[in-house]
Amino acid sequence: MCLGIPGEVIELMAGHEDLAMVSVEGVKRAVNIGLLREDDGTLDLVPGEWILIHVGFALSKIDEQEAKASLDFLTGLGDAYTDELEALAASDIT
C-alpha cells in the first residue's frame with residue numbers, strides 16, 4: 001500500500017534547490033520539492049510549513065490542522081503506516 005504522508009519542512013537545502021529536509025514523526029529525510037514550484041520557477045515554501053509526501057516527492061502544501069488529522073488517521077491504520085515510516089527511515093535521499 002502506498003500512502004501520502006504529511007511532513008514538516010525543517011529546512012530548504014542550500015545548494016540543492018529542489019530538496020528540503022522534512023521531519024515525519026521525528027524521521028528526517030530529504031524530499032524533492034520541485035513539484036511545488038510555480039510555472040515561473042518560484043517556490044512558496046518556508047520551514048515550519050507542512051507538505052504531503054509520496055515516494056520522496058512533495059505533492060502539495062497542507063495546513064498544520066490537516067497534517068495533524070492525517071497523522072492521527074494514519075496512526076490508526078497500524079501496520080500499513082508503520083511500514084511506510086520504516087521505509088522512509090531506511091531511505092537515504094540526499
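What follows is a walk through this structure, from its overall layout to a few individual residues.

The model is predicted, so to speak of a local feature a pLDDT of at least 70 is needed, and side-chain atom pairs count only at pLDDT 80 or more, while totals for chains, interfaces and linings use all residues. Residues are numbered from 1 along each chain as its sequence is written, and side-chain values use heavy atoms, with hydrogens and water left out.

Let us start with the layout. The protein chain has 2 helices and 5 strands, where helices (H or I, at least four residues) and strands (E, at least two) are DSSP runs numbered from the N terminus. Read from that end, the order is β-β-β-β-β-α-α. Of the 94 residues in the chain, 31% count as buried; buried means under 20% relative accessible area, exposed means over 50%, and partly exposed lies in between, with a 1.4 Å probe and protein chains only. Among contacts (heavy atoms within 4.5 Å) with a separation of 6 or more, 49% join residues 24 or more positions apart. The accessible surface comes to about 5600 Å², and 52% of that belongs to carbon and sulfur atoms; these areas come from the Shrake-Rupley method with a 1.4 Å probe, and for residues only the protein chains shown count as cover.

The largest nonpolar core has 16 residues, and Val22, Ile33 and Ile51 have the most contacts inside it. Strand 1 (5-12), strand 2 (19-24), strand 3 (27-32) and strand 4 (50-54) each give two or more residues to this core, with the largest share, 3 residues, coming from strand 2. Such a core is a set of buried Ala, Val, Leu, Ile, Met, Phe, Trp, Tyr and Cys residues joined through side-chain atoms within 4.5 Å.

Strand 2 also holds Ser23, which is buried at a relative accessible area of 14%. Leaving aside residues up to four places away in sequence, Ser23 touches Gly7, Glu8, Ile10 and Lys28. The side chain of Ser23 also reaches the backbone nitrogen of Gly26 at 3.4 Å.

Most residues other than glycine have a negative phi. Glu25 is partly exposed, with a relative accessible area of 46%. Val55 also has a positive phi, near 45°, and lies in the loop between strand 4 and strand 5 (57-62). At 61% relative accessibility, Val55 counts as exposed.

Which residues of helix 1 are buried? Helix 1 (residues 64-77) has 14 residues and reaches 20 Å from its first C-alpha to its last, close to the 20 Å expected at 1.5 Å a residue; the expected span is 1.5 Å times one less than the number of residues. Its buried residues are Ala67, Leu71 and Leu74. They lie on the same side of helix 1 because they cover an arc of only 65° around the axis, taken from the directions from the axis to the C-beta atoms. An α-helix has 3.6 residues a turn, so residues three or four places apart point the same way. The face turned away from the buried side carries the exposed residues Gln65, Asp72, Phe73 and Gly76. At the start of helix 1, a side-chain oxygen of Asp63 reaches to within 3.2 Å of the backbone nitrogen of Gln65.

Methods:
A polar contact is a pair of N or O atoms within 3.5 Å; within protein, one must be able to donate a hydrogen and the other to accept it, and residues adjacent in sequence count only if both atoms are side-chain atoms.
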